[in-house]
Amino acid sequence: MAKYESVQIEGLDALAKALKELPDRVAKNGLRAAVYAGAKVIRDEAKLQAPVATGDLGPNQSPPGTLKRSVILKQIPELSNKNKQTFFVTVRHGKKYRKQGKKGNLSQDAWYWRFVEFGTVKMSARPFLRPAFDMKKNDALTAIKTRLAERIEQAARELKK
C-alpha cells in the first residue's frame, strides 16, 4: 500500500532550460506556485468526495464533516528545491478526537481516515483520496502548466524593467 502517489511530467526540456535562465528565487517560487495550483485541484476534489458521517454519533465521536475539513495540502521543503517541488494531499491525522486547549476546542484531526480509505475487517473501504487523484490528475497538470506559464511571463516582464 503506497503512502503517496508521484507524478512526473516528462518531455519538458524547454521548461527546465527556461527555469535555469531565470534567477533562482523566481524559478523556485514560480514552480512552487504552479505545483501548488495542481495539488489544490486534487485536494478540492478529495474534499468533495470525502464521506460525511450520518446517523447517531456517540459523545466521543468526531462531529460530521471532520474528515472533509481535515483534507489538507502540504508542501514538503525537504523534498523541494529550485527544480523540484513536492506537495502532499493528505489528511490531518495527529490525535484522536478529544478536547484540546483551555477553551476545550474539539480536535479537528481525522485520525481514522485510513479506515475509511482502505477499509477494515469489519468495514468496507470508502476511498476518496485515490479516486480524487484519478479523476483530477489531468486537470491538475493543466493547472500546473497554466500557472507556470503565467509565472514565467510575469518574471520575464519584471526582468525587462
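**View 1. Val116 in helix α4 of the predicted model.** Val116 is found in helix α4, where helices (H or I, at least four residues) and strands (E, at least two) are DSSP runs numbered from the N terminus. At 11% relative accessibility, Val116 counts as buried, a class that means under 20% relative accessible area, with exposed meaning over 50% and partly exposed in between (1.4 Å probe, protein chains only). Val116 and Pro127 are eleven residues apart in sequence, and their C-alpha atoms lie 6.5 Å apart in space. This is a predicted model, in which local features need pLDDT of at least 70 and side-chain atom pairs count only at pLDDT 80 or more, while totals for chains, interfaces and linings use all residues. Residues are numbered from 1 along each chain as its sequence is written, and side-chain values use heavy atoms, with hydrogens and water left out.

View 2. On a 1 Å grid over the protein atoms alone, a pocket is an open set of points where a 1.4 Å probe fits, with protein on both sides within 12 Å along at least five of seven lines, and lining residues have an atom within 4 Å of a point. The lining comprises 20 residues, of which Ala53, Leu57, Gln61, Tyr112 and Val116 lie nearest the centre of the pocket. The elements that give two or more residues to this lining are α3 (66–70) and α4 (113–118). By class, the lining has 13 nonpolar, six polar and one charged residues, where Ala, Val, Leu, Ile, Met, Phe, Trp, Tyr, Cys and Pro count as nonpolar, Asp, Glu, Lys and Arg as charged, and the others, Gly among them, as polar.

**View 3. The crossing of helices α2 and α5.** The axes of helix α2 (residues 24–49) and helix α5 (residues 129–160) come within 7 Å and cross at roughly 150°; axes are lines fitted to C-alpha atoms, for helices over the stretch in contact, and angles run from 0 to 180 degrees between N-to-C directions. The two helices, α2 and α5, are therefore roughly antiparallel to each other, a term that applies to angles over 145 degrees. The contact of α2 with α5 has 19 nonpolar, four polar and five charged residues.

View 4. Ala39 lies in helix α2 and, at 10% relative accessibility, counts as buried. The C-alpha atoms of Ala39 and Phe87 are separated by 6.8 Å, although these residues are 48 apart along the chain. Leu148, found in helix α5, is also buried, with a relative accessible area of 6%. Between the C-alpha atoms of Leu148 and Val35, which are 113 residues apart along the chain, the separation is 8.3 Å.

Methods:
Angles under 35 degrees count as roughly parallel, over 145 as roughly antiparallel, 65 to 115 as roughly perpendicular and the rest as oblique.
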